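Me: I have a structure open and would like to go through it step by step. Could you help me read it?

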Amino acid sequence: MEKTDNLTAFVSEIFSSAQGEGLNIGRRQLFVRFGGCHRHCLYCDTVVELTPQISIELEPGSGMFTKEPNPISCERLLYLVGGMNRPEFAHDDLFLTGGEPLLHADFLTAFLPEAKALFGLPVHLETSGDLPGPFSKVTPWIDHVLMDFKLPSVTGEPPAWDKHIKFLALIETAKISATLKLVVGAGTAADDLNQAAMIIADSGTTADVVLQPMTAASKTDRVPTAKQVLAWQSHMAGSLGRSVRVIPQCHKMMGLL
Ligand code: SF4
């Protein structure tokens, strides 16, 4: 474990909401959104810059925020999360998102053991799934991974297949439950889906696989047609020989954070 002295991280938001993506939709979660990202996905809908201030929800679910300066110490983040983790809000999980939380892996090796001991909440990690080195540092404290599978035709970036392969191997070795999320838009290439299906099949993972289509709520002109999405779903399900779900971002439809 890292010593907590002098360890700080950039966090952009701390708030409480219902999960809007993947198989855990609807779970009440305490969100810590870390700042910074090493990727530049075309569809990114998040502020990924290192902000000078953190927005902290005053009362869980109120949508009213106060601010305090970045970066934040491990002790201060534990204090703020503890203040929101009150029994009457019955949080199901602590959800680490970003940006990319794994850019703060050293900080997390100090924060997570303390957070688990203090709050007793399962820890869910949302990640781009392409930083296996940093991920290997935090696996002991992660209960569920919502792992993006980045399709080059959708992100507009070079492939990250090799990194996804290593990341999946770590999930399997550490026996962490996982959801594999593939964001799809109008221009999604069949070759990308084939490659992703091959990697998932070869990994031997039983993780749930979700196609997350862009929708009007995504504020993009790259919304796929229903026909496209169903064709991709049946193709992937056929390749994997098991269920593949279609689940859009539901929090946006409900006006949740
Ligand atoms: S990995 Fe996530 S946070 Fe980073 S640019 Fe892509 S969509 Fe945005």
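Reply: The following answers concern a predicted model and take its features in turn.

Me: Thanks. Which residues are around the ligand?

Reply: The residues around the ligand are Cys37, Arg39, His40, Cys41, Cys44, Thr46, Val48, Gly98, Gly99, Glu100 and Ser128.

Me: And how many of that shell are nonpolar, polar or charged?

Reply: The shell around the ligand divides into 4 nonpolar, 5 polar and 2 charged residues.

Me: What about the peptide bond from Gly98 to Gly99, cis or trans?

Reply: That peptide bond is cis, and its omega is near 15°. Gly99 lies in the loop between β7 (93-97) and α2. In general, most peptide bonds are trans.

Me: What is the peptide bond from Asn70 to Pro71, cis or trans?

Reply: The bond from Asn70 to Pro71 is cis, with omega near -10°. Pro71 is placed in the loop between β5 and β6 (72-73).

Me: New topic: the sheet. What is the strand order?

Reply: The sheet is open and has 10 strands, in the order β5-β4-β2-β3-β7-β8-β9-β10-β11-β12, with mixed pairing. Its edge strands are β5 (65-69) and β12 (245-246), each of which pairs on one side only.

Me: How do β4 and β5 pair, parallel or antiparallel?

Reply: Strand β4 (residues 53-57) pairs with β5 in the antiparallel sense, over 5 bridges. The bridge partner of Ser55 in β5 is Lys67.

Me: Now the helices. At what angle do α1 and α2 pack?

Reply: Helix α1 (residues 74-84) and helix α2 (residues 105-119) pack at an angle of about 35°, and their axes are 10 Å apart. Their crossing is right-handed. On the α1 side the contact is made by Cys74, Leu77, Leu78, Val81 and Gly82. On the α2 side, the contact residues include Phe107, Ala110 and Phe111.

Me: What classes of residue make up that contact?

Reply: The contact of α1 with α2 has 10 nonpolar, 1 polar and 1 charged residues.

Me: Why does Ala90 count as exposed?

Reply: Ala90 counts as exposed because it has 9 C-beta neighbours inside 10 Å, and the cut-off for exposed is 12 or fewer.

Me: And where is Lys175, and is it buried or exposed?

Reply: Lys175 is in the loop between α5 (161-174) and β10 (177-184). Lys175 is exposed, with 7 other C-beta atoms within 10 Å. Its phi is near 55°, a positive value in a residue other than glycine.

How values were computed. Residues are numbered from 1 along each chain as its sequence is written. This is a predicted model: local features need pLDDT of at least 70, side-chain atom pairs count only at pLDDT 80 or more; totals for chains, interfaces and linings use all residues. A residue is near a molecule or strand if its C-beta atom, placed from the backbone, lies within 6 Å of it. Ala, Val, Leu, Ile, Met, Phe, Trp, Tyr, Cys and Pro count as nonpolar, Asp, Glu, Lys and Arg as charged, and the others, Gly among them, as polar. Axes are lines fitted to C-alpha atoms, for helices over the stretch in contact, and angles run from 0 to 180 degrees between N-to-C directions. Helices (H or I, at least four residues) and strands (E, at least two) are DSSP runs, numbered from the N terminus. A crossing is left-handed if the near helix is turned anticlockwise from the far one by less than a right angle, and right-handed if clockwise. Two residues are in contact if their C-beta atoms, placed from the backbone, lie within 7 Å. Two strands pair if DSSP finds at least two bridges between them. A residue is buried if 20 or more other C-beta atoms lie within 10 Å of its own, exposed if 12 or fewer, and partly exposed in between; C-beta atoms are placed from the backbone.
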